[in-house]
Amino acid sequence: MVVVLPFDPYGGGLPKGVSMVGDIEPTGRDRARRRARVEVLLLALGFFAYLGMARHFSSDVPGGSDWWGYVSEAVRLSHGRFYEREQVLSPFGLPEDASLTHPLAYIDKGSEGTVPTYPFGYPLLMALAIRLLGLQAAFWVTPLLAAGAVLLTYWLGRTLLGRAGGAVAALLLGVLPNFLLGSFQPLGDVPATFFGALALVALLAMPAGLPADVLLGAALGLGVWVRPNLGLLIGVVGLWLVWRREWRRLFRVAVAVAPFLLIEALVNWNLFGAPWRTGYGALPLGGPIAEILARGGRHLLRLSVQQAGVGLLLFGLALLWNRLDAPRRFLLAGVFVAFLCFFAAYRIDDAWWYFRFLLPAMPAVAVLEAGFLVHLAGPGRLRRLRTVAVALATCALALGSLRYAEKKGVFSAKVGEQKYPRVAAFVADQVEQPALVLAMQHSGSIRFYTDLTTARYDLGTPEKLADVLSRVARAGGNMYLVVEDWEIDDIVSRGRGFLLAGAALLGDVKPGNVALYRLNPANLAESFARGGPGSGATAAGVAFDGGWVTTEGQWRLHGTGMVRLSPDAEPEIARVCAGGDALVVERRGFPAASVAAKACTDVPLLPGFAGQLAVSPLGRRAATLSPVRVLPVGAIQFQDQLSSAYMVPQVAYLQGMRGSLWTTDVLLVNPQPHPLRVTGRFLPSGRDNRDAPAATTVLAPGAVLMLRDVARLPEFAWLGNSGALLVYAGEPGKPCGANGCRFLACSRTYNSVTNRESRSAGEWLPGLPPEASVAGGHASFLDVPGGGEARTSVGVASWTGRPVSVRVRYGPAADGRGEVKEVTVPAFGHVRVSLKGQVGRVEVDVLGPPGGTRLFPYVSVVDGESGRATHLLPAAVSLRGSVGLLPLPRVLSSEERRDI
């Protein structure tokens with residue numbers, strides 16, 4: 001037999017595989033080395049590929065609260081300090097007051113300085129990068145740690161499950177939408193995930209000994225520096241070591257982590273006054289058990305939908321069947337359960353991205369799920385077929401995660417954040433020095449990108465803010481206000497609507513809808529002293545903006561002035577009195593109404609954007625008028641804006657998606673000096689209601705009655721769980737149309753089990769009188785909000801004694817293309833049409849003979865995460881024909897109702 005050995009010309013003259021003593025080296029060792037080299041090369045390529053991807057999509061913008069907070073804190077730490085003195089009011093000769101001027105992510109430390117509220121661990125890492133390579137290096141820290149967390153997850157999975165298990169675990173973590181989003185932004189969640197993964201590697205993947213235990217303690221300690229709630233991981237690790245009776249190892253880990261905890265306590269003591277106190281203050285924990293369970297359920301649902309809709313199922317199966325032994329299986333699950341329980345009690349979770357709170361536990365979840373998948377491909381019959389099936393399923397799961405991330409705009413998030421430098425540049429170009437800029441959302445980014453000084457409109461009492469602004473104005477300061485659309489309601493709800501009195505809009509920045517106002521110092525003090533614009537206005541509940549100008553107790557209106565209530569307000573009325581010029585009052589979904597010269601009207605005013613009023617002089621000239629008064633609904637005096645009959649276009653008592661329960665309350669007000677009988681006729685969805693049930697009540701003079709869960713009234717029960725409601729004065733078969741029968745009706749349809757910090761203003765809808773119907777014409781809904789998980793639908797209620805066909809066209813607001821649906825609304829009926837895809841604009845056209853047709857369309861948008869609803873009436877309604885006599889359904893007897 002002849003043996004041929006390969007010869008290496010650079011190997012010292014010996015053939016490959018032959019040792020100096022003449023033995024043949026096992027070829028398996030060579031293969032192992034080659035595999036190791038290939039593995040290291042692939043890991044390096046994967047690391048740098050993920051790093052490059054994260055940098056490509058990264059947002060290098062310190063805007064908002066979190067990003068500005070972390071980056072600005074890193075800049076401070078790069079100079080060796082937490083504390084900085086404010087330089088905001090002193091240029092105007094006033095003493096500094098940090099309680100009014102500190103930007104987002106900071107709190108006042110004494111009267112003149114500020115300290116950051118966010119943990120210092122992540123900013124410290126960025127500060128080191130800044131000191132070494134400059135400011136731009138700070139934005140590399142998160143992508144580096146993201147790629148490192150994926151690599152550590154591979155290491156952990158490879159040690160416990162093999163190479164395939166490590167690759168699957170790394171893939172599951174790397175494509176998770178919340179992890180991707182955190183990788184692109186300067187936030188602390190991904191750094192916390194890195195240290196959580198490093199701790200698990202030291203605990204489970206490294207040989208037990210002093211190096212592993214020191215690394216474990218350091219990883220846990222650094223994790224607490226980054227996010228104090230990583231103390232949960234310390235608890236889980238401690239319980240694991242106690243259960244395994246590894247006392248020596250427990251001691252070494254405790255000694256290693258103790259210095260980090262001591263430094264954390266000393267920093268907290270110095271900055272916030274106590275070792276256990278953090279910059280977050282009192283955590284919003286707790287609440288009713290039902291809410292805690294609901295929040296936990298939402299987090300589990302987010303895990304599922306971020307993993308192609310099967311994440312929760314995969315997690316459950318991984319607990320039952322897994323290549324991991326039971327102790328390690330339950331250790332990894334315990335890490336996730338600890339974070340889940342803590343954040344189920346944390347009351348802030350009304351958006352999908354709040355699953356980021358649980359990211360430090362996701363390496364454990366990824367390895368646990370990978371253990372189930374590789375277990376399916378384990379030894380046994382048809383192994384190759386099962387391996388291919390598992391590989392395909394893993395790829396499908398990863399693609400599903402990426403598709404969800406794309407749907408949520410993860411890969412385009414940095415585009416939206418560019419509004420912060422654009423706004424800062426616009427403000428810097430428009431303001432005249434010396435200037436003081438009031439802001440909240442942009443209070444930090446304006447400081448970062450410009451040399452302007454900022455104060456907060458939302459801090460201190462309204463009295464204190466008004467006093468400081470008046471003193472700044474007397475010192476010659478120009479004052480400006482920078483707000484996003486949603487901040488207007490915040491200004492009103494905090495009792496700071498006086499800021500907008502006579503303010504001049506200098507322009508806005510789009511996309512982003514960020515407006516810059518120049519404040520009128522002459523109006524500020526007067527408007528605030530009067531309790532807000534208009535005698536009788538509720539100081540904390542109403543905002544006047546646009547063309548309102550008040551000087552020396554006299555009101556002027558230039559162009560259009562807006563009146564709106566805060567989201568938390570109850571419905572009220574606005575008393576508008578014209579001066580020498582007639583006025584026009586407009587509200588969404590209603591024909592414009594005029595107020596004659598020297599006359600007054602009381603207009604229903606509902607919370608939020610949809611209920612706001614637009615007041616303008618007839619002919620769009622400037623006009624002088626009496627102060628607009630905002631009063632309780634029980635104070636109605638002028639009844640020309642009221643009706644004796646209304647359509648409440650939607651009522652519900654309906655179990656919805658994701659545990660929601662939709663219910664409707666109806667508000668009735670009798671402004672008459674005599675009792676008034678009011679009848680309600682329920683019109684269930686999807687059926688011919690020419691026979692409809694009736695419920696009646698008598699309203700005392702001046703009564704204000706809130707009917708809770710109106711669809712559950714005994715007269716309406718069991719007929720349907722959604723529909724519309726006719727409400728009119730008089731007996732069921734004998735309506736009263738006289739002026740003495742006028743009353744007010746409005747409704748609120750909302751998710752009664754949603755988790756909220758405050759009421760959503762968009763839940764209210766006014767009752768619609770017959771003249772507000774689309775009488776055979778067309779209705780437009782412009783700029784319908786939505787996006788992401790928002791669910792949009794169109795509802796149509798009919799006050800017509802025959803079926804009516806309707807065409808619904810919808811699509812993005814930016815173009816005219818879209819989808820078309822045609823439906824038939826039954827006689828006295830109600831239909832709801834779900835709209836799929838991106839909806840920005842909705843058009844409703846009534847088909848068929850227009851005569852006698854009275855339809856009331858509306859749009860509902862439900863946020864998929866928070867469960868909050870916004871209901872919209874048409875922005876434009878074309879009316880055709882006269883209203884005429886109103887037909888009514890026949891009264892459904894109790895016997896007939898039982899048959900139904």
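Mentor: Begin with a strand pair. β11 (residues 572–577) and β17 run antiparallel and are joined by four bridges. Strands here are DSSP runs of E with at least two residues, helices are runs of H or I with at least four, and both are numbered from the N terminus. Two strands pair if DSSP finds at least two bridges between them.

Trainee: What should I know about the model itself?

Mentor: It is predicted: local features need pLDDT of at least 70, side-chain atom pairs count only at pLDDT 80 or more, and totals for chains, interfaces and linings use all residues. Residues are numbered from 1 along each chain as its sequence is written, and side-chain values use heavy atoms, with hydrogens and water left out.

Trainee: Which residue of β17 is the bridge partner of Ile-573?

Mentor: Leu-631. Now widen the view. The open sheet has three strands in the order β14-β11-β17, with antiparallel pairing. β14 (600–605) and β17 (629–632) are at the edges with a single partner strand each, so one side of each has no neighbour in the sheet. Ignoring direction, neighbouring strands of this sheet are turned by 30 degrees against each other on average.

Trainee: How do side chains sit on a strand?

Mentor: In a regular strand they alternate between the two faces of the sheet. Now take β8 (residues 514–518) and its partners. β6 (residues 478–484) joins β8 through five bridges, antiparallel. Val-483 stands opposite Ala-515 of β8. β7 (residues 504–509) also pairs with β8 in the antiparallel sense, over five bridges. There, Gly-507 stands opposite Leu-516.

Trainee: How many of the five residues of β8 are buried?

Mentor: Four, so the strand is mostly covered. Buried means under 20% relative accessible area, exposed means over 50%, and partly exposed lies in between (1.4 Å probe, protein chains only). Compare Gly-416, in helix α17 (residues 413–417). Gly-416 is partly exposed, with a relative accessible area of 41%.

Trainee: At what angle do helices α9 and α10 cross?

Mentor: Define the angle before reading it. Axes are lines fitted to C-alpha atoms, for helices over the stretch in contact, and angles run from 0 to 180 degrees between N-to-C directions. The axes of α9 (residues 210–226) and α10 (residues 231–243) come within 8 Å and cross at roughly 150 degrees. That makes the two helices roughly antiparallel. Angles under 35 degrees count as roughly parallel, over 145 as roughly antiparallel, 65 to 115 as roughly perpendicular, and the rest as oblique. Contact (heavy atoms within 4.5 Å) involves Leu-216, Leu-220 and Val-224 of α9, and Gly-231, Leu-233, Ile-234 and Val-237 of α10.

Trainee: Are α2 and α4 oblique or roughly parallel?

Mentor: Oblique. The axes of α2 (residues 66–78) and α4 (residues 121–133) come within 8 Å and cross at roughly 60 degrees.

Trainee: Which sheet strands does α2 touch?

Mentor: First, the sheet: an open one of three strands, in the order β1-β3-β2, with antiparallel pairing. β1 (84–85) and β2 (106–109) are the edge strands, each pairing on one side only. α2 packs on this sheet and touches β1, β2 and β3, its direction making about 50 degrees with that of β2.
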